[in-house]
Amino acid sequence: DIVDGLINALELPFGHFLFNLGNRRPESLLKLIDLIEKETSKPLQKEYLPMQQGEIVSTCADISLAEELLSFSPKTTLKHGIEKFVSWYREFHQPSE
């Protein structure tokens, strides 16, 4: 999704813009960690600390400009993206024999 958005941005016939490329849904950090742990079959060491002053509880990307000018429409779920990334990482970083 992100690569498609970047390619579309490079092909714009006018000026410079800042685009948010992501999705409209907030994703929890704990969900991300859980997905990584499951996909890698390795538990991650976590240290839970109190929230710091000014820390944002929840946020998500406003992708409306990217939708309008780039025809950006995210299709990859967080789970599928983690699966694809871990698969790529394992293949790319396999020790050569």
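**View 1. Accessible surface of the predicted chain.** In this predicted model, the chain exposes about 8,400 Å², of which carbon and sulfur atoms supply 57%, the areas coming from the Shrake-Rupley method with a 1.4 Å probe. Buried residues (under 20% relative accessible area, with exposed meaning over 50% and partly exposed in between, 1.4 Å probe, protein chains only) make up 13% of the 97 residues. Residues are numbered from 1 along each chain as its sequence is written, and side-chain values use heavy atoms, without hydrogens and water. Local features need pLDDT of at least 70 and side-chain atom pairs count only at pLDDT 80 or more, whereas totals for chains, interfaces and linings use all residues.

**View 2. The F17 and F19 ring pair.** Rings of Phe, Tyr and Trp (its six-membered ring) pair if their centres lie within 6.5 Å, and planes under 30 degrees apart count as stacked, over 60 as edge-to-face and the rest as tilted; by this rule the count comes to five aromatic pairs. The ring centres of F17 and F19 are 5.9 Å apart with their planes at 35°, so this pair is tilted. F17 is partly exposed at 38% relative accessibility, and F19 is also partly exposed, at 21%.

View 3. F85 and W88 form a tilted pair, 5.6 Å centre to centre with 40° between the planes; being three residues apart in helix α4 (residues 78-92), they are separated by about one helical turn. F85 is partly exposed, with a relative accessible area of 47%, and W88 is partly exposed at 43%. Ring pairs link F85, W88, Y89 and F92 into a cluster.

Terms used:
Helix = DSSP H or I, 4+ residues; strand = E, 2+ residues; numbered from the N terminus.
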